[in-house]
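Me: I have a model open and would like to learn how to read its side-chain contacts. Could you walk me through it?

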Amino acid sequence: YYKRDITGGADKVHIRLRFAGHELDCLLDTGASRPLYIRGDFVRKHGLWEKYPLLNESALTGVNGQQVKVRHVEVRDLQIGGIAVPRLLVALGDPHDRAAFGEEGDRAEGIVGAPFLSGFVLAFTAQRSLQVRRVTR
């Protein structure tokens, strides 16, 4: 399933993932450098900050120039379109930093970037469904 939001003349595409047993609504951002970023409010709500072994911590700079502390973790409990993603580096937004939260009215709980998308072929249908196939290399 995917949806489009037309905000300020820009078309935004959202896709739904299954992560840590929860539905995760993500903005599709081909310019994002991280495979998957999950906002701090979702991280806090589902207790994800301490759930995964820490690889490292760093800061992300958003399009507004604001920096957000993130933890990089490796996850193995992620699905897209019913297809399991065996391993993925995920940036978890700091659950204690309001800057890591989504803005009021923004339904995206995460951002899917190009490094994640490069492993799949995505086909969007007129019926707002998303067909997914893993890229075989």
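Me: What should I keep in mind about the model and its numbering?
Reply: This is a predicted model, where local features need pLDDT of at least 70, side-chain atom pairs count only at pLDDT 80 or more, and totals for chains, interfaces and linings use all residues. Residues are numbered from 1 along each chain as its sequence is written, and side-chain values use heavy atoms, with hydrogens and water left out.

Me: How many salt bridges are there?
Reply: Side chains of opposite charge can pair when their charged atoms come close. The rule asks for a side-chain nitrogen of Lys or Arg within 4 Å of a carboxyl oxygen of Asp or Glu. That gives eight salt bridges.

Me: Which side chains meet Glu57 in a salt bridge?
Reply: Lys69 does, at 3.8 Å from N to O, and the two sit 12 residues apart, in strands β5 and β6 (residues 67–75). Strands here are DSSP runs of E with at least two residues, numbered from the N terminus. Arg71 also meets Glu57, at 2.9 Å.

Me: Is Arg71 buried or exposed?
Reply: Buried means under 20% relative accessible area, exposed over 50%, and partly exposed in between (1.4 Å probe, protein chains only). Arg71 is buried because its relative accessibility is 13%, whereas Glu57 is partly exposed at 37%.

Terms used
Helices (H or I, at least four residues) and strands (E, at least two) are DSSP runs, numbered from the N terminus.
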